[in-house]
Amino acid sequence: WLASRSPSLTREGALLAAASREGHRLALALAGLVAATAALTWALVLVERRLRLPWTAARGVWASLALIAAAGVMAVFVRFGSPTTVVESGWSAFSAPAPQIEGDLNRRLFNLSGNGRIVQWGVAWGQFEEHPVLGSGAGSFERYWLQQRPTAGKIRDAHSLYLETLSELGPLGLALLVVGLGVPLAAALRDRREPLVAAAAGAYAAFILHAGIDWDWEMPAVTLAALVCGAAVLTGRGGGQRPPLRRGARGVALAGTLVASGSALVFLVGNTAQSESSRAAAAGEWERAERQARTAIDWAPWSVRARRQLGEAELGQGDLPAARRAFGEAISQDPGDWESWLDLARASLGRERSRAIERGLRLNPLSPELAEFRAELDYELPLTLAPPEHEP
């Protein structure tokens with residue numbers, strides 16, 4: 001309710017400074033509410049220790065709660081129709097396109113539209129049907145979407161952790177994911193009488209359920225909070241001191257930590273160089289962009305993006321042969337990257353340019369970037385593209 005009363009946080013076109021001020025005020029209010037909740041919980045514990053209800057009164061409380069729940073269910077049916085009607089209406093609302101809301105975004109809150117999720121899930125299911133055993137590879141949904149999307153909308157995820165995992169990693173990958181995420185829930189059932197286990201398990205359950213309909217599981221702040229709750233559930237059993245790890249187990253844990261830390265360092269340096277190369281290219285500093293791209297390749301030789309950045313930097317300096325070599329190396333590493341084909345088209349002439357555009361359009365038929373580039377060249381693509389095996 002407090003967030004909905006913040007105009008700069010709920011309206012399009014708000015100034016960043018105003019939204020930041022209101023966000024800070026909202027954060028302080030939330031901190032105060034958390035403190036108030038903790039105080040009320042503490043007071044409830046004190047009251048609970050001193051209050052003892054007779055069994056007849058307790059039965060009356062449970063009966064009253066059951067009547068209230070039944071009355072609520074009946075009110076829903078009276079207002080919205082029979083259970084079948086409610087389900088059909090809900091599905092129709094979820095399948096409908098998202099409303100075009102301008103101004104006050106609070107009006108979107110109670111709209112049930114899935115905002116295209118039915119189409120996205122259908123494409124992910126089609127990807128699984130094409131690769132039903134092992135999937136098509138981690139991170140491949142975005143590429144499959146570009147090839148099969150019915151509209152020009154660009155998305156990176158299937159808006160469902162489980163369906164995307166099934167399409168990319170197959171049934172085995174999904175089974176491993178479900179087992180891994182289910183361990184804290186199994187522990188919560190075992191230790192449900194321990195303090196705080198129910199609260200931590202409730203937050204964790206909300207996360208794993210919501211991961212089935214959206215992609216915010218990729219936000220570190222969201223996922224780390226959920227994993228902390230899951231870890232709290234796993235360590236919720238009280239009493240008794242646990243035995244220390246044996247020397248061999250400690251050695252394995254230390255070695256794993258060192259390997260993970262070293263890998264993180266390599267990834268950090270390579271990704272930082274790629275980010276610096278992008279910033280330099282945006283500023284037109286092509287020599288610095290080239291240096292940073294080469295650094296990224298040294299630290300992450302598997303990175304297609306780094307080689308593409310190198311080619312773009314060389315293209316910005318007018319070195320077309322070097323740019324074509326860099327784009328060619330990127331394509332040899334990943335022939336399915338449509339952006340590398342687009343860059344190669346920009347660095348090529350004649351038939352090579354036409355061939356690169358055609359390959360890019362096969363990988364991303366509705367690409368506005370390829371369409372714009374083709375229009376700039378006044379390039380008319382043949383109505384029927386030759387299959388890849390017929391290309392010279």
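User: Take buried as under 20% relative accessible area, exposed as over 50% and partly exposed as in between, with a 1.4 Å probe and protein chains only. Which of these is Ile 118?

Analyst: Ile 118 counts as partly exposed, at 31% relative accessibility. This is a predicted model, where local features need pLDDT of at least 70 and side-chain atom pairs count only at pLDDT 80 or more, while totals for chains, interfaces and linings use all residues. Residues are numbered from 1 along each chain as its sequence is written, and side-chain values use heavy atoms, with hydrogens and water left out.

User: Where is Ile 118 found?

Analyst: Ile 118 is found in helix α5, residues 117–130. Helices are DSSP runs of H or I with at least four residues, strands are E runs of at least two, and both are numbered from the N terminus.

User: And what is Ile 118 in contact with, leaving aside neighbours within four places in sequence?

Analyst: Trp 91, Phe 94 and Ser 95. Contact means heavy atoms within 4.5 Å.

User: How far is Ile 118 from Trp 62, C-alpha to C-alpha?

Analyst: Their C-alpha atoms are separated by 40 Å, and the two residues are 56 apart along the chain.

User: Switching to α12 and α13. At what angle do their axes cross?

Analyst: Roughly 165°, and the axes of α12 (304–316) and α13 (320–333) come within 8 Å. That makes α12 roughly antiparallel to α13. Axes are lines fitted to C-alpha atoms, for helices over the stretch in contact, and angles run from 0 to 180 degrees between N-to-C directions. Under 35 degrees counts as roughly parallel, over 145 as roughly antiparallel, 65 to 115 as roughly perpendicular and the rest as oblique.

User: Which residues of α12 and α13 make the contact?

Analyst: On α12, Val 304, Arg 307, Arg 308, Leu 310, Gly 311, Glu 312, Glu 314 and Leu 315. On α13, Leu 320, Ala 322, Ala 323, Ala 326, Phe 327, Glu 329, Ala 330 and Gln 333. The residues of this contact divide into nine nonpolar, two polar and five charged. Ala, Val, Leu, Ile, Met, Phe, Trp, Tyr, Cys and Pro count as nonpolar, Asp, Glu, Lys and Arg as charged, and the others, Gly among them, as polar.

User: How many salt bridges does a search of the whole structure find?

Analyst: 14. A salt bridge is a side-chain nitrogen of Lys or Arg within 4 Å of a carboxyl oxygen of Asp or Glu.

User: What does Glu 329 meet in a salt bridge?

Analyst: Arg 307, at 3.2 Å from N to O. Glu 329 lies in α13 and Arg 307 in α12, so the pair ties together parts 22 residues apart in sequence. Glu 329 is partly exposed at 38%, whereas Arg 307 counts as buried at 16%.

User: And Arg 308, what is its salt-bridge partner?

Analyst: Asp 337, at 2.6 Å from N to O. Arg 308 lies in α12 and Asp 337 in the loop between α13 and α14 (338–346), so the pair ties together parts 29 residues apart in sequence. Both Arg 308 and Asp 337 are buried. Salt bridges that share partners join Arg 308, Asp 337, Glu 339, Asp 343 and Arg 346 into one network.

User: How many residues of α14 are buried?

Analyst: Seven of its nine: Trp 338, Ser 340, Trp 341, Leu 342, Asp 343, Leu 344 and Ala 345. The buried residues pack against α6 (141–148), α12, α13, α15 (350–363) and α16 (368–376).
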